[in-house]
Amino acid sequence: MAIITKEKTTARAAPLSDKSLIGWLRLNLFNSVFNTILTVVTVYIIYITVEGLLVWGVIDAVWIADTRRACFAISLDGACWAGVVSWLDNIFYGRYPREELWRINLGGLLLVIWMAPLWLPRVKAKVTIGLTTVFLYPFLAGYLFAGGDKGLFMQIMISGAILCLVGNTLHAFIGVFTGKGLPEFLIALLGKKAAPEKSQRNILLGILAVCFAVVYMLQMGASFETVSWTKWGGLFLTLVISGIGIASALPGGIILALGRRSKLPIIRVLSTAFIELFRSVPLITVLFMATTMFPLFMPEGFVLNKLTQVIIAVCLFNACYMAETVRAGLQAIPQGQYEGAHTIGLGYWGTMGFIIMPQALKHMIPNIVGSFIGLLKDTTLVSIIGLFDILGMLRSISRDAPWLGLHKEPLVFGAMLFFLICFAMSKYSRRLEVKLSTDHKH
Amino acid sequence: MAVTDSLKKTARVKSIEKFDFFHDERVRSVFYQLLTAAAVGWVAWYLFTATSQNLEVRGMKSGFAFLGVEAGFGTDFKLIDYTIGTGTYGDIFLIGILNTLYISALAILASTILGFSVGVLRLSSNWLVSKVALTFVEIFRNTPLLIQVIFWYTGIFSLLPKVKKSFDLSGGAEVVLLNNRGLYMPWPVPGDLLWMTGLTLILAIVGAIGYRWWTKMRQNKTGQIAPVFLPFAALVIIFPGVVFFMSGSPLSWDIPVLEGFNFVGGATLPPAFLALFVALTIYHAAHLAETVRAGILSVNKGQQDAARAIGLRENRVMSLVVIPQAMPAIVPPMISLWMNVVKNSSLAIAIGYPDLVSVFMQTSLNQVGHAIEIVGMTMAFYMFVSLTISGLLNIYNKRVQLVVR
């Protein structure tokens with residue numbers, strides 16, 4: 001049976017498009033009575049909050065004043081940012097001598113230069129660059145920040161670090177322009193491309209030795225004034241503690257995680273107990289343990305300074321958290337990968353190093369970044385046991401005579417600073433996750 | 001026979017392959033383990049000798065006898081009777097534990113409710129609402145909890161008006177008051193016959209659960225759905241209510257009254273408590289909201305479509321299909337968040353709420369020393385709580401795994 005209509009069906013109205021503003025509004029904000037009410041209420045709440053914050057933080061705020069009283073004289077209800085502004089140097093650098101601040105800035109700049117090649121697309125050997133950052137940069141930066149006499153060991157490490165930094169940078173430039181690595185480029189430059197591999201290697205080692213000697217000679221002349229750790233503070237100290245924590249947490253976490261998954265019962269039990277002990281207690285108790293119990297552990301006459309105690313505590317604590325992140329990543333690797341690695345004759349370390357870890361680490365990136373963010377935020381706890389990290393500095397503003405009782409503004413400033421850093425890191429990790437993903441998408 | 005066969009085989013293999021002591025896997029595994037055990041044993045032995053020597057040199061005593069010694073200091077917030085002068089360090093330990101558990105329990109409850117609400121708002125079809133929820137989550141997740149705690153304390157709760165100008169939260173009745181000394185509330189004082197109401201309430205709840213069980217059985221058999229909510233409410237509210245009034249309302253309220261410079265009577269929550277409670281609640285609610293959102297999104301969209309296709313209403317789609325399947329993804333991270341609440345309550349030390357770390361690990365330790373015992377006891381408490389919670393989690397995981405095939 002067929003129905004035949006003679007009249008022409010009238011055209012239906014075009015469906016609401018979310019391309020036009022009105023359509024989008026109606027689809028997303030006013031698509032039902034309930035939603036409309038919700039939207040209106042929300043707009044009102046946003047208005048109240050944003051208006052209040054704007055008036056307090058911007059419109060009525062005082063930016064330039066000498067004391068808190070002067071702030072009040074200008075505006076009673078506004079924020080007194082003048083206190084934060086006049087303490088900016090303290091917030092960032094603590095009580096580090098003002099004429100030596102360039103050392104901290106240089107240290108930061110060097111780190112950026114060192115790690116920049118990791119983000120350049122054509123540069124090779126990124127793993128090596130990453131490893132040198134973790135193992136050599138701390139010596140260079142440590143000396144820059146602390147200064148003082150260099151022992152023989154420090155001299156060697158500093159020379160190595162400088163050499164590595166220069167090499168890295170050259171390598172990166174060559175990589176960007178030619179797509180080659182530094183060694184390859186040097187061989188080509190000397191016209192020894194045809195030479196056997198062994199003599200090529202000897203040439204490279206020779207160049208390395210000569211350069212090392214030159215750098216060693218050069219650095220012997222340079223020496224910095226000692227800056228005691230008690231002068232370190234502010235954001236700088238926070239970054240130092242969390243930086244060391246981050247750099248040591250990953251290797252420590254990998255070792256602990258492998259230990260926990262080991263087939264050898266003693267190693268497994270010990271690793272598990274260690275991880276669970278530190279994961280089940282708050283960081284502040286670990287910090288207290290470090291400051292009250294470590295002195296009892298030391299042989300007589302040997303005193304650990306508070307900063308070292310805190311750093312050891314932070315490293316232990318974070319290695320245990322990282323261990324669980326790594327373990328979760330290892331569990332995501334299918335059994336077939338292990339079996340495949342065994343089949344081609346790899347032993348335990350070969351399997352882990354070449355097959356399992358590279359895959360697992362990729363899975364772990366978002367979680368690792370998450371732990372790093374957590375670590376950065378947790379580092380503020382060191383202010384409780386008397387180190388003047390960024391939070392310690394922010395809190396001292398309210399005890400400084402001209403700014404007595406100024407609590408809110410410094411804390412809001414600190415919160416915004418942390419928000420910027422942490423939020424940027426977490427957004428970046430999301431992007432990295434998408435970029436590194438080799439999953440098959442349909 | 002099979003055994004002898006395999007024995008023969010291994011014997012043959014051994015006779016062919018030379019037994020290489022250094023490359024044998026079993027020998028190596030024993031060797032590595034012995035090595036680790038020896039290293040750990042050495043470290044432990046070293047720590048023990050160094051510590052005991054240090055204690056001897058400094059003339060410090062060890063042992064738990066200090067727990068019976070008079071503490072000589074008090075706390076401004078406590079859940080047990082304690083008087084300065086007779087109270088011991090053991091009492092202080094107990095006060096600390098109770099205070100930690102008290103604020104953790106309240107913060108866990110509040111953050112769970114708030115976290116679920118924000119998580120659902122995050123998924124709202126209303127663009128504005130979901131963005132507001134997102135902003136809330138990102139702001140509070142990405143700033144350190146310690147800064148938040150201190151902000152609530154020094155920036156909000158310490159700056160409240162003085163006692164005489166208290167905020168009246170009960171709308172003119174002047175029974176719930178908020179000022180810079182804390183929150184003052186009426187506190188119930190039970191009368192003699194209150195046990196009757198309590199007993200009726202318990203009976204009513206048992207009855208209600210029985211009724212629920214019966215309706216479920218009937219629904220499984222016949223498919224008829226009986227109302228649950230109204231009978232439930234009637235049972236639990238009306239019966240105890242009637243008994244309460246019949247026995248002459250045996251409950252009075254202790255109301256805070258202004259006497260001199262302060263309020264007397266009722267229950268008081270100090271500003272440090274309020275600040276820590278608000279900070280813990282908001283921080284963990286923001287974390288929980290993301291967990292809830294991820295859990296709900298992890299349920300296949302086809303499940304919702306199918307549920308709608310068989311004619312379920314929207315709220316039933318949620319409560320019968322989506323939520324039950326999302327729970328296995330939400331509960332484990334939620335429980336570890338609860339654990340974090342307990343651990344993070346130790347930030348109380350920054351604002352002076354007398355929790356375990358603050359009164360025991362700081363004040364007591366500064367007074368009597370005994371660092372090893374005190375640190376050990378404090379850590380043991382947190383480990384005990386943690387192991388209990390993770391034990392519960394394991395039980396839950398096993399139950400869920402049985403259901404999901």
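Predicted model: local features only at pLDDT ≥ 70, side-chain atom pairs only at ≥ 80, totals over all residues.
**Stop 1: a glycine in chain A**

Start by selecting Gly175(A), which sits in helix α9, residues 152-178 of chain A. Is Gly175(A) buried or exposed? Its relative accessibility is 0%, so Gly175(A) counts as buried. Now show its surroundings: leaving aside residues up to four places away in sequence, Gly175(A) touches Arg122(A) and Lys180(A).

**Stop 2: where chain A meets chain B**

Next, colour the two chains separately and select the contact, to which chain A brings 54 residues and chain B brings 55. About 4800 Å² is buried between chain A and chain B, with carbon and sulfur atoms giving 73% of that area. On the chain A side, pick out Leu296(A), Phe297(A) and Lys377(A): these lose the most area to chain B, together 13% of what that side buries.

What holds for charge pairs and polar pairs here? Between chain A and chain B there are 0 salt bridges, but 10 residue pairs are in polar contact across the interface. To trace the chain A side, highlight the helices that each supply at least two residues to it, among them α2 (33-59), α14 (283-297) and α17 (348-378). Which helix gives the most? That is α19(A), with 11 residues. Coloured by class, the chain A side that touches chain B shows 35 nonpolar, 12 polar and 7 charged residues.

**Stop 3: salt bridges**

Over all chains, the whole structure has 10 salt bridges. Begin with Arg103(A) and Glu100(A), whose closest N and O atoms are 2.7 Å apart. Both ends are buried: Arg103(A) has a relative accessible area of 0%, and Glu100(A) has 11%.

Move to chain B and select Glu290(B) with Arg122(B), a salt bridge with its closest N and O atoms 3.3 Å apart. This pair links distant parts of the chain, as Glu290(B) lies in helix α8 (residues 271-297) and Arg122(B) in helix α3 (residues 89-122), 168 residues apart. Glu290(B) is buried at 14%, and Arg122(B) is buried at 13%.

For a contrast in setting, go to Arg308(B) and Asp305(B), bridged at 3.7 Å. They both lie in helix α9 (residues 301-309) of chain B, 3 residues apart, about one turn of the helix. Arg308(B) is partly exposed at 34%, and Asp305(B) is partly exposed at 39%.

Finish by selecting Arg260(A), Glu276(A), Glu324(A) and Arg327(A), which salt bridges with shared partners join into one network.

Definitions and conventions: Residues numbered from 1 in each chain as written. Chains lettered and ligands numbered in written order. Heavy atoms only, no water. Helix = DSSP H or I, 4+ residues; strand = E, 2+ residues; numbered from the N terminus. Buried < 20%, exposed > 50% of the residue type's maximum accessible area, 1.4 Å probe, protein only. Contact = heavy atoms within 4.5 Å. Buried area = accessible area lost by both parts, 1.4 Å probe. Salt bridge = Lys/Arg side-chain N within 4 Å of Asp/Glu carboxyl O. Polar contact = N/O pair within 3.5 Å; in protein donor to acceptor, adjacent residues only side chain to side chain. Nonpolar A, V, L, I, M, F, W, Y, C, P; charged D, E, K, R; others polar.
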